[in-house]
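Q: I would like to learn how to read a pocket and a metal site in a model. Could you take me through both?

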Amino acid sequence: MTLDQLCAMEICVVDEDPIRAERLSSLLRDKGGFRSVSWVDSQESLKQRLTPASPFDPPTPLQLALLSDSFAMGDVLSVCRMLDEKGTTSVLMADEGETWRGVEASRVFDAGAVDILFRPWSDSEVVPRISLALRVHQERMTRRQREVRLEEELAERRVMEARLKYRVGHDELTGLANRGRLEGVLELALIKAQNFNRPGALLYLDIDQFKLVNDTEGHESGDKLLSGVAGILRRRVQPRHLAVRIGSDEFAVLLENTSSTVALQLAEDLREALHDYRFEGRLGCYNLGASIGVALLLPSEKLEAGELLSRADQACHVAKKRGRNRVHCYDAADPEVVGLKRDATWVPMLREALRNGSFTLEFQPIVRARDGACSHYEALIRLVENGEMHAPGEFIPSAERMGLIHQVDLWVVEAAVDRLATIHQVDDQEPICMSINLSAYAFRNPVLMPLLERKLEMTGISPRRLMFEITETAAVTQLEQTRELVERMRTLGCRFALDDFGSGFATFNYLKHFPVDVLKIDGTFVVNMLKNPTDELLVRSMVNVAHSLDKKVIAEFVEDEATAVRLREIGVDYLQGFYLGRPQSQIKPMHSPAFSGVAAAAAGTGS
Ligand code: C2E
Ligand code: MG
Ligand code: MG
C-alpha cells in the first residue's frame with residue numbers, strides 16, 4: 001500500500017468532547033497528512049455515519065474509528081464488535097489507569113480493536129501508531145476478502161458437486177432417473193425380492209413412432225416428445241416406483257413390492273396412455289404407441305441386475321417383432337429370444353471370421369443323371385472356430401438378422417470364384433462349374449454385382465461356369481427385386497437356380513415369368529420319396545413343371561442308390577446328395593463312383 005493510499009483512508013474520531021476530538025483530528029491532518037478525518041460525538045451518530053443514505057447504496061466506507069473510552073465498558077466492546085462486523089478497524093483512546101490494562105485490554109482486542117492509545121499521549125507517537133493501525137486494517141481486509149472468495153469458491157464447488165451428483169443419477173432432458181441409477185437401484189431391489197419375499201417387475205418401453213417424429217420434425221420436436229412421454233410416466237407411476245429414461249427413446253419402470261398381475265396391468269395402462277398421446281408437430285399430428293417388455297422379479301429366482309435388464313429388453317424386442325404397440329412378458333422359450341441369444345454368441349464370431357478369414361468352403365458334387373459325369377459342384381460355407389466346423393444353418397440366420405450377411409455373401413462369391421480360378425482345366429474335359437448360394441438379402445447388396453464383374457474380369461473365368469442359387473422362399477417374398485438381380489446376372493452370362501424348390505409355395509404360377517435356368521427340388525421331398533408316394537408324386541409334378549418351362553432339374557438329398565435310380569427314371573437331370581458325394585474341401589473332375597450302380601440298376605430295369 002502506498003503512502004498516498006494510506007492517507008486517503010477514512011478515519012473517524014468518536015468522542016463526545018469536541019475540543020479533544022478537534023485536537024486529535026488536526027494532529028492527524030496536519031502531522032499525519034490524513035485527508036479524510038471526520039468526527040462524531042456519540043455512538044448513535046457513529047451508527048448513522050455508517051448507515052448508507054438508502055438501502056440500495058453501498059455501505060459508506062470507514063477504515064478506522066478512534067473510539068474514546070468515555071462510553072461504559074460494555075458499550076466500548078459492543079461498538080468494537082459492531083465496527084469489526086462492518087469492516088471498520090478500531091483503536092481505543094483511553095485515560096491512563098488500570099481500567100484498560102490486562103484482561104480488559106485483551107477483551108478489547110478480541111472485540112476487534114487493534115491498539116489502545118493512552119492519554120496523555122505524545123503527538124509524535126500518535127501518527128505512526130495510527131498508520132500502523134491502518135496497515136493492520138488493510139491486511140485484515142485483504143485476508144477477509146481472500147476468505148470470502150475461498151468461501152464462495154467452496155460453496156460454488158459444493159453446488160457443482162451436488163449438480164454433478166444429480167446428473168450422474170438423472171437424465172438431463174427429462175429429469176427422470178437414468179440407466180446408471182436404475183442399475184444401482186436394481187441390485188437392491190433384487191436383494192429385497194429374494195430376501196424379503198417381495199416380488200416386482202421391470203418394464204422396458206420403446207416408443208414406436210419416435211424415429212419418425214425425430215427424422216421428419218427435427219431433434220427439437222423429438223426432445224419435446226420425449227419430455228411428453230416422461231410426463232406420462234411421472235403421472236402414471238407412483239413415486240415409490242422408479243421411472244427411468246434408459247437412453248434415446250427407451251424408458252423403463254422398476255416396480256418394487258408389486259405382484260405380476262398388478263405389474264402387467266400397469267404396463268397395459270402405460271401402453272394405452274402412450275397410444276392415446278397425440279404429439280402435435282409442425283408438419284402434422286402423430287399418434288405414438290409403445291412396445292413394452294416386462295421381466296418379473298421373482299423371489300424364487302436368483303438373478304443379476306444385468307440379466308433382469310436384458311430380459312426386459314428382450315421382451316420389448318419381442319413386443320416390437322410381434323407388431324408393436326403391445327405388452328409382452330419375457331419367456332426364455334420365445335423363438336425371438338432364442339434367436340437373440342444365438343445372435344449374441346454368433347456376432348463376435350462372425351466379425352472375427354470376416355476379419356481373419358476363418359470361413360471356408362466345401363464343395364459337393366452335382367452329378368449328371370444320364371451318365372454320372374460330374375463337372376459341377378456346389379460351394380457350401382463353413383465357419384471354423386477352434387478346430388470345430390460350424391454349418392451355415394447355425395450362423396447364417398444371425399448374420400442375416402445382424403446385418404452381416406452382405407459381407408458373408410461377398411466373401412463367398414470372391415472365395416468361390418478364386419477357387420474356380422485355381423483349378424487346372426484339361427482341354428478335352430468339360431469345364432468345372434460352381435453353384436454359389438446367395439442370401440435372401442443379396443438383391444439389396446450394391447457391391448455384389450460390381451464385385452462379380454471385377455472378379456470375372458480379373459480371373460478370365462467364363463460366366464457360364466457360375467450358377468447362383470437363391471431359395472424359393474427368399475425369391476418369392478421379394479419377387480420383383482430378386483427378378484432384377486437374376487436378370488442382371490443372367491445378362492452377364494451366369495446361370496441361376498431356385499433352391500429348395502417346392503418347400504415354399506403352393507402354386508408355381510410365378511415360374512412362368514421368373515427367369516431361372518434350374519430348379520433344385522427341396523431335399524425333404526427326395527429323402528422319403530420311395531416310402532412316401534405323395535412325395536414321389538410331388539417330385540414327378542415338379543419335374544414336369546420344370547421341363548415344360550424348359551428348365552433343368554436337380555434333386556438334392558439323394559442318400560441311396562434306389563432313390564438315385566428312381567429319380568433318373570422320373571427324368572431328373574442332375575443328382576446331388578451324400579450317396580453321390582459328401583461336401584469336401586477338394587474339387588476334382590470325376591465320374592461318380594457310386595454311379596456305376598445306378599447305371600447298372602437302370603440298365604437292369606431296361607430304362
Ligand atoms: P442348400 O443350399 O440346400 O445346401 C444343401 C445342404 O444340404 C447342405 O447343407 C448339404 O451339406 C446338405 N446335404 C447335401 N446332401 C445331403 C444329403 O444327402 N442328405 C442330407 N440330409 N443333407 C444333405 P449345409 O452345407 O449345412 O447348408 C445348409 C444351407 O445353408 C444350404 O442349403 C444353403 O441354404 C445355406 N448355405 C450354404 N452355404 C451357403 C453360402 O455360402 N451362402 C449362403 N447365403 N447360404 C449358404
Ligand atoms: Mg444350395
Ligand atoms: Mg437346397
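Q: Which helices and strands each supply at least two residues of the lining of the largest pocket?
A: The model is predicted. In general, rolling a probe the size of a water molecule over the atoms shows where empty space is left. Here, the strands that each give at least two lining residues are β14 (359–368), β15 (373–385), β18 (466–471) and β19 (495–501). The helices that do so are α13 (392–401), α14 (405–422) and α18 (523–527).

Q: How much space lies in the largest pocket, and which residues are closest to its centre?
A: The largest pocket holds about 890 Å³ of space. Its lining has 39 residues, and L380, P392, N437, D499 and D500 are the closest to the centre. By class, 19 of the lining residues are nonpolar, nine polar and 11 charged.

Q: Which residues coordinate the magnesium ion (ligand 2)?
A: The donors are E378 (OE), N437 (OD1), E469 (OE) and D499 (OD), at 2.0 to 2.3 Å. Along the chain, these donors follow the spacing E-x58-N-x31-E-x29-D. N437 belongs to strand β17 (residues 433–437) and D499 to strand β19, so this pair ties together parts 62 residues apart in sequence.

Q: Which residue bridges the two magnesium ions, ligand 2 and ligand 3?
A: D499 bridges them, and the ions lie 4.3 Å apart.

Key
Residues are numbered from 1 along each chain as its sequence is written. Chains are lettered from A and ligands numbered from 1 in the order in which they are written. This is a predicted model: local features need pLDDT of at least 70, side-chain atom pairs count only at pLDDT 80 or more; totals for chains, interfaces and linings use all residues. Side-chain values use heavy atoms; hydrogens and water are left out. On a 1 Å grid over the protein atoms alone, a cavity is a set of points where a 1.4 Å probe fits but cannot get out, and a pocket is an open set with protein on both sides within 12 Å along at least five of seven lines; lining residues have an atom within 4 Å of a point. Grid points are joined across faces, edges and corners, and a volume is the space filled by probe spheres set on the points. Helices (H or I, at least four residues) and strands (E, at least two) are DSSP runs, numbered from the N terminus. Ala, Val, Leu, Ile, Met, Phe, Trp, Tyr, Cys and Pro count as nonpolar, Asp, Glu, Lys and Arg as charged, and the others, Gly among them, as polar. Donors are N, O and S atoms within 2.8 Å of the metal (3.2 Å for Na, K and Ca); water is not among the atoms, so sites may look incomplete.
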